[in-house]
Amino acid sequence: MVARKDQATDPALLDQLLQARRGTAFFARKLNELRDAELDGDSLLPGWTRRHVVSHIGYNARAVARLVEWARTGVETPMYPSVAVRNWEIEFGATLSPIALRNLFDHSAVHLNVEWRDLPDEAWSHEVKTIQGRTVPASETVWMRNREIWVHAVDLNNGASFADIPRPVLSRLLGDITGAWKARGTDKDLVLQVTDAEPGVPSELGDVDSPDAVRVTGSLGAVTAWAAGRSNDGLVAEGPDASPVAVPAAPAWI
Ligand code: ZN
């Protein structure tokens, strides 16, 4: 008999699964608010229409589901055969009819959810590889999907904002982004100040020991939206002498 509930038992993982399901419901709601003709409109991503965003989210669910299958079966099934195939797939999906595009989103999300639900508890620690070549436990797929579904719901550009993204997702996303900057050394003389940080999460990020830092201050949602390259709203910036300066462009994230 097929299990009807999650086989995972780790409470933190179950929380993340809930967050991802909420993200899928949120994306679905924003997508449903768009009429077919509006799918041709611009997303927040340069060069991408809303169609590209929906296509990407659909194929992303399939790619993440392949990693979960890999964890379940032990048979290596990469996210995508190559970056070129991934990109081609997005372009192809963007040409689908509106009904086919909406079906791609729905069916791929349901499939991923079933793969997660039926993954045996012990298989969540099995290792798989992301398209960037990182080896991660299968449990990481839940975060990978959370990040995609919430941020790209905003990218649909029809009213969602980072303020709609749950705070634990924002906190982890900001940690990922600033961690990537630090690893590349692109956060030099840049400090982020979060005015409403989660308990136990640092409120200052970036090049915190620099005496010459420009400081960008705002709410967790505003700072994360800026760090992800999506918006400069709700931020103030000051130079090393505490004088106001223009909010700088955030370093590249991906
Ligand atoms: Zn993406």
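This is a quick walk through a few local features of the structure above. It's a predicted model, so to be clear on the rules: local features need pLDDT of at least 70, side-chain atom pairs count only at pLDDT 80 or more, and totals for chains, interfaces and linings use all residues. Residues are numbered from 1 along each chain as its sequence is written, and side-chain values use heavy atoms, with hydrogens and water left out.

Glu-89, Ile-90 and Gly-93 are buried in α3, meaning under 20% relative accessible area, with exposed being over 50% and partly exposed in between, using a 1.4 Å probe and protein chains only. Looking down the axis, those buried residues sit within an arc of 100°, so they line one face of α3. That arc is taken from the directions from the helix axis to the C-beta atoms. Ala-84 and Trp-88 are exposed on the other side of α3.

Okay, loops next. Which two residues have a positive phi without being glycine? One is Asp-189, at about 60°, and another is Ala-242, at about 70°. Asp-189 is in the loop between α6 (167–184) and β3 (190–194), and Asp-189 counts as partly exposed because its relative accessibility is 24%. Ala-242 sits between β6 (236–238) and β7 (244–245), again in a loop. With 48% relative accessibility, Ala-242 counts as partly exposed.

Last one: Asp-121 is in the loop between α4 (98–118) and β1 (127–129), and at 33% relative accessibility Asp-121 counts as partly exposed.

Technical notes. Helix = DSSP H or I, 4+ residues; strand = E, 2+ residues; numbered from the N terminus.
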